[in-house]
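Thanks, everyone. I have one structure to go through today, so please look at the screen.

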Amino acid sequence: MDITMTDAWRALRAHAEHFADLELRSLFADDPDRVDRMTLSVGDLVVDWSKHRVTQAVLADLAALAETTGVADRASAMMRGDRVNTTENRAVLHTALRAPAGRVVEVDGEDVVAGVHRVLHQMAAFTDRVRDGDWVGATGLPIETVVNIGIGGSDLGPGMAYEALAAFRHPRIRCQFVSNVDGSDLAAAVADLDPATTMFVISSKTFTTQETLTNAKSARRWLVDRLGEDAIAKHFVAVSTNADEVAEFGIDIANMFGFWDWVGGRYSVDSAIGLPLMLAIGAEAFGEMLDGFRIVDEHFVSTPIEENVPALLGLIEVWYRTFCDLPTRAVLPYSRYLHRFPAYLQQLDMESNGKCVRIDGEPVTYETGPIVWGEPGTNGQHSFHQLLHQGTTVVPTDFILMGAPDHTDDQLSGVEAHHDLLVANCFAQSEALAFGKTAMEVAATETNPALVSHRTFPGNRPSTMIMAPRLTPSVLGQLVALYEHQVFTQGVVWGLNSFDQWGVELGKVLALAIVPELTSTDEPALDHDASTNALIRRYRALRP
């Protein structure tokens, strides 16, 4: 279906012609009930999108676009196990990873939920042993450091969640995350470690990912050089689907934790990919995170568009990106523990919907996929917020805020004063972006007329405020699911397959061809473009 020919699309194009006239000051002045109507809750999350440049008419036409493109039907199809990833002929069932025991979701006649809970039980039994000190290394000492080796979703998800849930970690066990094939990443991770108390989790679905296996082999050499070959069984476990490659590496397949081809990497933190997270926070807290995911899943699949929080936020992003030509989106968590959350969302959003071809193979004729970026507050206020407030590019912004601080008085006295100042800054940034400061308001207090224009803030910069009582495992699950379903909504409206990532593959293939050209003792015959050929020759001359 060509959505650009639908009535809803044409109506939104007409609205967008007047986007410059949508003034937040006027929208609030003309509608005293705006905040109440544009604030909804899902689980512990309270979401206020009243500071967006949308009217009821725009929202109605966005809802009509969602209905026309079948967002609700496609969500149901995904959750019941239909092969909605058509380019890879796969089901997409990250929602089954947090389904309750006893629920039945079948793929090719197999109840996948039962399989999910078998792996969760396996993970819980293993992590309980490590956390209790019953699992010991080759020298009889308990594990104190877990080094996760993965890349992409096998790194970003568990790494982000480990940082976010710092308050819930085991007092003895700490985790490190190695993803970059730059050897400095692994070298820094193991520099101060005792091999006798270190465990490596190798996370790779196929166990053939080039970067992960390169790091894993180097980690293996590091351990064997210090503890011997027999130590591998006590210090290495795998998260994979490839038992043969895992065994070939030397890992006992009894210590392999499986997942499935219907789990995409960027949707996998709640699968066995979350093993290092469960080691840190325990099976019970991990289960609470899954419960949080499920709260938003059930809301998304059962709530009408007009009250469906992730769907509405996804549609508003479609409005900005496609109809109003706003290319970027900032995510600003006012929580130090969520400092990796923007990076996590970069993969979730940009790998999913950074596409120029529709699911039917036809080229896209409209803008898709915002550039997602961000940093935690208040640090960003002293760097890029200048552009947010007075730059020439309007950047829709998400603020994420907790009612209670992440840390406690046991860690630092004066918790309340810190948190009150943090919250005040978050609210102030949202207010300043939306309403700015007019030249008349500046002139009322500025004694130097030449500075009036410099101190004027245009405002009218849209934002969402997402608040929760406290950053708990459940709240983290709710936040991740909120964004997952936003991305899904956008992909359906844009007619994309949000679950493949062919754009990641070409560079990998070319790299495999280039490696032997870099290392060959003889001068290789190069058949790249002139620039790449010159770069290879230059590197060969520099190579130690």
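This is a predicted model: local features need pLDDT of at least 70, side-chain atom pairs count only at pLDDT 80 or more; totals for chains, interfaces and linings use all residues.

Residues are numbered from 1 along each chain as its sequence is written, and side-chain values use heavy atoms, with hydrogens and water left out.

Helices here are DSSP runs of H or I, at least four residues, numbered from the N terminus. Helix α12, residues 275-302, packs against helix α13, residues 309-323, at about 70°, and their axes are 7 Å apart. That makes the two helices, α12 and α13, roughly perpendicular, a term for angles of 65 to 115 degrees. Contact means heavy atoms within 4.5 Å; α12 supplies V296, H299 and F300, and α13 supplies V309, P310 and A311. Five of these residues are nonpolar, one is polar and none is charged.

Also in α12 is A280. Is A280 buried or exposed? A280 is buried, because its relative accessibility is 0% and the cut-off for buried is under 20%. Beyond four places in sequence, A280 touches R131, Y162, F168, R169, H170 and C175.

Now R25, in helix α2, residues 24-30. R25 is partly exposed at 35% relative accessible area, that is, between the 20% and 50% limits with a 1.4 Å probe, protein chains only. Leaving aside neighbours within four places, R25 contacts F435, G436, K437, T438 and E441. With E441, the contact is also polar, side chain to side chain, at 3.3 Å; polar means a pair of N or O atoms within 3.5 Å, one able to donate a hydrogen and the other to accept it.

Conventions:
Axes are lines fitted to C-alpha atoms, for helices over the stretch in contact, and angles run from 0 to 180 degrees between N-to-C directions. Angles under 35 degrees count as roughly parallel, over 145 as roughly antiparallel, 65 to 115 as roughly perpendicular and the rest as oblique. Ala, Val, Leu, Ile, Met, Phe, Trp, Tyr, Cys and Pro count as nonpolar, Asp, Glu, Lys and Arg as charged, and the others, Gly among them, as polar.
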